[in-house]
Amino acid sequence: MRIAAPSVRTRLSLWHAGVLAIVICFFSAGTLLFVRARLYRALDEQIGQDLATIEKVYREETGDLGELDHRMGMTLFEVAEGQTVIYRTASWPPPATRPYRTRTSVDATHRISVARDETAVRQTLWTLAVVFAAGIPCALGLAMAGGYLLAGRVLAPVGAMAETARRITAESLSARLPVDNPRDEFGRLAGVFNETLSRLEAAFEQLRRFTADASHELRTPLTGIRSMGEVALQRSLTLQEYREVVASMLEEVDRLTRLVENLLLLTRAEAGRIPLTRTVVDLCELVVSVADSLRVLAEDKDQELTVQPLAPVTARCDASILRLGVTNLVYNAIKYTPNKGVIRVTATRSPAGEAVIEVQDTGPGIPTAHRERIFERFYRLDSARSRETGGIGLGLAIARWAVEANGGRIELESEEARGSLFRIVLPSS
Amino acid sequence: MRRTMRVLVVEDEKKVAKALREGLEAEHYDVRVASSGEEGFFLVNHEAFDCVVLDLMLPQRDGLEVLTTLRKRGLQTPVLILTAKDTIDDRVRGLDSGADDYLVKPFAIPELLARIRALLRRGRSDQILKLQQDDLEMDLMTRKVTRGGQTLELTVKEFEVLEYLLRHLGHVVSREMLTRDVWRIAARATPFDNVIDVTIARLRRKIDDPFETKLLHTVRGVGFVLRRDRG
């Protein structure tokens, strides 16, 4: 069985306490060693002094060793010459019941040994050790409690954020996390989270609009088919009239089919399920062939459709997908430009080495307010008019996909009442 | 008169099956309908057909599975599959399983008929040098079109459309067929219907307007047809 990972707060306090414990232990051990060394050195110095005094007294006035003994009190000593003991204090050798520190000075003729009781030193060290042993756990306990409280306070915004975030669903995407201080770590986290929420909200909004638009676009022909069928069955019609009804129904079916195909294409494209076959394509050739295929439409409206210049411009792309995009742009240009207008299509290489296709018309232009959204699915400048002209509002969305799938970008320059310029920019091959 | 061609339709959707049967019978085919893969499999094994129209999404037994088994048994009959899936993978899988052609739903009956005609024509030498309807004549070698002895000046596309219509003489040709076969554009999302309408209008102006008998007719909601009678 695995133990569940403790909370961040607990882990923080534990880490904090652990590091503190190591630091305190090292510090205490160091202190003990240092104090011990100091105490023993002091003791050793005293013993050394004793030794010197005894030696001095012994050399100068042997007889006074007894008095010295008396004066020195706690210090035990023995002075011997060869095997002969000259003087030894009453309790020599030092009793084994108490710890003594002994030092002996030996030269050719005699030997002086001094012993001092080190109980006091040991007691001091022991006391210190006991103080440490009792104090460290207490200090650690306090530190842990403090750390736990502190971590709790520091982490409180994270908990609040989590709680707020949990309440945000697809329905309440407009809610945002509170940002106390946008410059600290949590503030930045909340900021990033809020940005993500904004993008998500925009995406959801677009999806919602798309769903509404799509269902509207799908329902319109369905309603047509249904009502035509119902009305036709209510009355007795002549064969010719029935033919008319069925034909209109088929026209609506056609529109529905085209709509579904376009939608499927876009959906697949968005899911990245349309494989691209990239080859080196001469854009000039492509543009000429697109213009030629649509030329009859321009001629029908007395428009002038020109392609220039005719020098090869190559780019690495999927020819059929790019062709679809360019076709949509030229088709739109012809559709929205009034009779006798001019449509100019060019394929050139920019100074930066990018391949550029431009489709310029002398149509009504696109008002600034619409320019951002014109590439969105089903977005129309004037829905009533567009539906009459038979569009389904997906041409530019498909054009944008066709260009972006090929690694390029699509730009729009437009002046109201003067015309529009759609520019496809593809990376150099 | 050749014998009646027998076509087996394997389709579980009743309405579609009925429409297919009626559409094919109107073209004088002898039609059998199977509503499941099992039934289709049984019929193919017990009767002789000239062509099989096979839906891929079938209850009990998947269309591809039926097809694979039939081909393994050495069945040579041309098979046209109907599918609602139109990704390249699906098409490749269908053709790899032994299908001779495929059609994506929703399809137009005129197109299905044209495909079946093409499948049945397969293998026969088809070296036509001249196409003709009434006094309208097309010479495929010199690429000259005349009506009533009068030469007509057609553009390349107009010529190709007329050739296509003449090759499908008496049969309706849909806009989709023209887009794909004459303009050779595979992407179904390409906005080409207007181009076709304008081209047809111009063609009509050249081949029909100056003459008494109209040959090129629009079948509203379906497509175009070249024939003598009313539209």
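The model is predicted: local features need pLDDT of at least 70, side-chain atom pairs count only at pLDDT 80 or more, and totals for chains, interfaces and linings use all residues. Residues are numbered from 1 along each chain as its sequence is written, while chains are lettered from A and ligands numbered from 1 in the order in which they are written.

At the interface, 23 residues of chain A are in contact with 15 residues of chain B. Contact here requires C-beta atoms, placed from the backbone, to lie within 7 Å. On the chain A side, α5 (239-270), α6 (283-300), α7 (319-336) and α10 (395-405) each supply at least two residues. Helices (H or I, at least four residues) and strands (E, at least two) are DSSP runs, numbered from the N terminus. The most residues come from α5(A), which gives 11. By class, this side of chain A has 11 nonpolar, 8 polar and 4 charged residues. Ala, Val, Leu, Ile, Met, Phe, Trp, Tyr, Cys and Pro count as nonpolar, Asp, Glu, Lys and Arg as charged, and the others, Gly among them, as polar.

Chain A also contains an open sheet of 5 strands with mixed pairing, ordered β6-β8-β9-β11-β10. Pairing requires at least two DSSP bridges between two strands. β6 (304-308) and β10 (409-415) of chain A are at the edges with a single partner strand each, so one side of each lacks a neighbour in the sheet. From one strand to the next, the twist averages 10°. Antiparallel strands β8 (342-349) and β9 (355-361) of chain A are joined by 7 bridges. A:Arg344 has A:Gln360 in β9(A) as its bridge partner.

The largest nonpolar core has 70 residues. Such a core is a set of buried Ala, Val, Leu, Ile, Met, Phe, Trp, Tyr and Cys residues joined through C-beta atoms within 7 Å. A residue is buried if 20 or more other C-beta atoms lie within 10 Å of its own, exposed if 12 or fewer, and partly exposed in between. Among the members touching the most others are A:Leu294 and B:Leu162. Beyond four places in sequence, A:Leu294 touches A:Thr327, A:Val330, A:Tyr331, A:Ile334 and B:Val195. A second, separate core of 30 residues includes B:Tyr29 and B:Leu54.

A:Leu256 is in α5 of chain A. This residue counts as partly exposed because it has 19 C-beta neighbours inside 10 Å. Leaving aside neighbours within four places in sequence, A:Leu256 is in contact with A:Leu218 and A:Pro221.

Notes:
Contact = placed C-beta atoms within 7 Å. Axes fitted to C-alpha atoms, helices over the stretch in contact; angles between N-to-C directions.
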